[in-house]
Amino acid sequence: MDRMEAFIRGMPKTDLHMHLEGSLEPEVLIRLGERNKRRLRWKTAQELRAAYEFQDLQSFLDLYYEGCQVLVEEADFYEMTRAYLRAAHAENVIRAEVFLGPQSFTDKGVAIAAVLDSTLEAMDDARAEDGISCGLIVSAQRHRTEQDALDLLEQVRPWFGRILGIGMGGAEKGNPPSKFRRFFRACRREGLRITIHAGEEGPASYVREAVELLGVDRVDHGVACVDDPELMREMAELDIPLTVCPISNLRLKGVPSLSAHPLKKLMDAGLHVTVNSDDPSYFRGYVSDNLVECQRALGLTAEEIVSLVRNGFIAAFIAPAERRAALARLDTYVSGFDWGR
Ligand SMILES: [Zn+2]
């Protein structure tokens, strides 16, 4: 490992855009499938790993939703969450904000309390055992109707005080943010923070809708805004954070290579860019891997890497005191790092 890679991997950092369901490593997914007697297309972890070659967002989502079937019991959600937070802690993530989409499970008859309580319990344990700061964003699926999303909001009501907010992911094309105007307005009325995936496969106009119609706190992905200079200026001015996931974009063929990724363009345009993992198991890359690979492909300087990581703490849904402490910890790390020169 060269010094730059060691610097990146050792940095205290955030992961603000990841889906717990996308953190199931193939061995765990196969084991849970057997335990819960769920019939899957793959018999072994090896077969499953070979299936992680995606053509686009939809081909990934098909596998992702099939993988969700193995999550049935409270213990499954607990194990999945605890395992991700352990991996995040090991790569020096000190603040993780994770998505979970209950509709995949409640649809199959799993009680919402089983999903949320066990996930939150695993987060409490990770906090107590490893000292990692973490929070849950409940995610609604955009290929469903707005009424489905509103129903989910009602189901989640008892947990409003224990979650960070509400997000939205899934098949983007044909399901623009404007489809969910009433839903996000209802979330806002409840005082919840809101984020939405936009401009991943969808056009810049979806990012514009997320910002202008929904008034989101963060845009997940948002990379398509690079096609609309006027929108980029507006987003830089509003300082709306983008939770970019470069390896995810690469695996889903949003970009032909990481060197063609617009990350640096977005940074140079003054946008509030953060780097995140999305679905670390399926895309074979945790947040440190994303930073290391982008640094190499785009020739980012150490200062640019620090600014991406700093942006993560500024964009995190944390109290000012925690933010100050995290940024101070980052500064101490950066100034004390031995470059061996
Ligand atoms: Zn995502």
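Me: In which hand does H10 pass H11, left-handed or right-handed? Please start from that crossing, then tell me what else is around.

Reply: Happy to. Keep in mind that this is a predicted model.

H10 passes H11 in a left-handed crossing. To find the pair, look for helix H10 at residues 204-214 and helix H11 at residues 229-238. Two packed helices are described by the angle between their axes and the distance between the axes. Here the axes come within 11 Å and cross at roughly 30°. An angle under 35 degrees counts as roughly parallel, and H10 and H11 are therefore roughly parallel to each other.

From H10, the residues in the contact are Ala204, Val207, Arg208 and Val211, and they meet Leu231, Met235 and Leu238 of H11. Sorted by class, that contact has 6 nonpolar residues, no polar ones and 1 charged one.

Asp239 sits in the loop between H11 and strand S7 (241-244). Most residues other than glycine have a negative phi. For Asp239, though, phi is near 60°, a positive value in a residue other than glycine. Asp239 has 12 C-beta neighbours inside 10 Å, so it counts as exposed.

Asn92 has a positive phi too, near 70°, and again it is a residue other than glycine. You'll find Asn92 in the loop between helix H5 (74-90) and strand S2 (93-100). Asn92 counts as partly exposed, with 16 C-beta neighbours inside 10 Å.

Strands S2 and S7 have come up, so let's turn to the sheet. It is an open one made of 8 strands, in the order S1-S2-S3-S4-S5-S6-S7-S8, and the pairing is parallel. At the edges are strand S1 (13-19) and strand S8 (272-275), each of which pairs on one side only. From one strand to the next, the twist averages 25°.

Strand S4 covers residues 165-169, and it pairs with strand S5 (residues 193-198) in the parallel sense over 2 bridges. On that side, Gly165 stands opposite Arg193 in S5. Strand S3 (residues 133-141) is joined to S4 by 5 bridges, and these two run parallel as well. There, Ala140 stands opposite Met168 in S4.

How enclosed is S4? 5 of its 5 residues are buried, so S4 is largely enclosed by the rest of the structure. Gly165, Gly167 and Gly169 point one way from the strand, while Ile166 and Met168 point the other way, and all are buried.

Helix H8 (residues 146-156) and helix H9 (residues 181-189) pack at an angle of about 15°, their axes 8 Å apart. H8 and H9 are therefore roughly parallel to each other, but H8 passes H9 in a right-handed crossing. The H8 residues in the contact are Glu146, Ala149, Leu150 and Leu153, which meet Arg182, Phe183, Ala186 and Cys187 in H9. By class, this contact has 6 nonpolar, no polar and 2 charged residues.

One more helix pair is worth a look. Helix H1 (residues 3-10) and H14 have axes that come within 9 Å and cross at roughly 150°. That makes H1 roughly antiparallel to H14. H1 passes H14 in a right-handed crossing. On the H1 side the contact is made by Met4, Glu5, Ile8 and Arg9, and on the H14 side by Ser288, Leu291, Val292 and Gln295. The classes here are 4 nonpolar, 2 polar and 2 charged residues.

Asn290 lies in helix H14, which spans residues 287-298. A residue is buried if 20 or more other C-beta atoms lie within 10 Å of its own, and Asn290 has 27 of them within 10 Å, so it is buried. Leaving aside residues up to four places away in sequence, Asn290 touches Cys245, Pro246, Ile247, Val275, Ser277 and Gly285. Val275 takes you back to the sheet, as edge strand S8 runs over 272-275. Gly270, in turn, is 20 residues from Asn290 in sequence and 20 Å from it in space, C-alpha to C-alpha.

Notes: Residues numbered from 1 in each chain as written. Predicted model: local features only at pLDDT ≥ 70, side-chain atom pairs only at ≥ 80, totals over all residues. Pairing = 2+ DSSP bridges. Helix = DSSP H or I, 4+ residues; strand = E, 2+ residues; numbered from the N terminus. Axes fitted to C-alpha atoms, helices over the stretch in contact; angles between N-to-C directions. Parallel < 35°, antiparallel > 145°, perpendicular 65-115°, else oblique. Left-handed = near helix turned anticlockwise from the far one by under 90°. Contact = placed C-beta atoms within 7 Å. Nonpolar A, V, L, I, M, F, W, Y, C, P; charged D, E, K, R; others polar.
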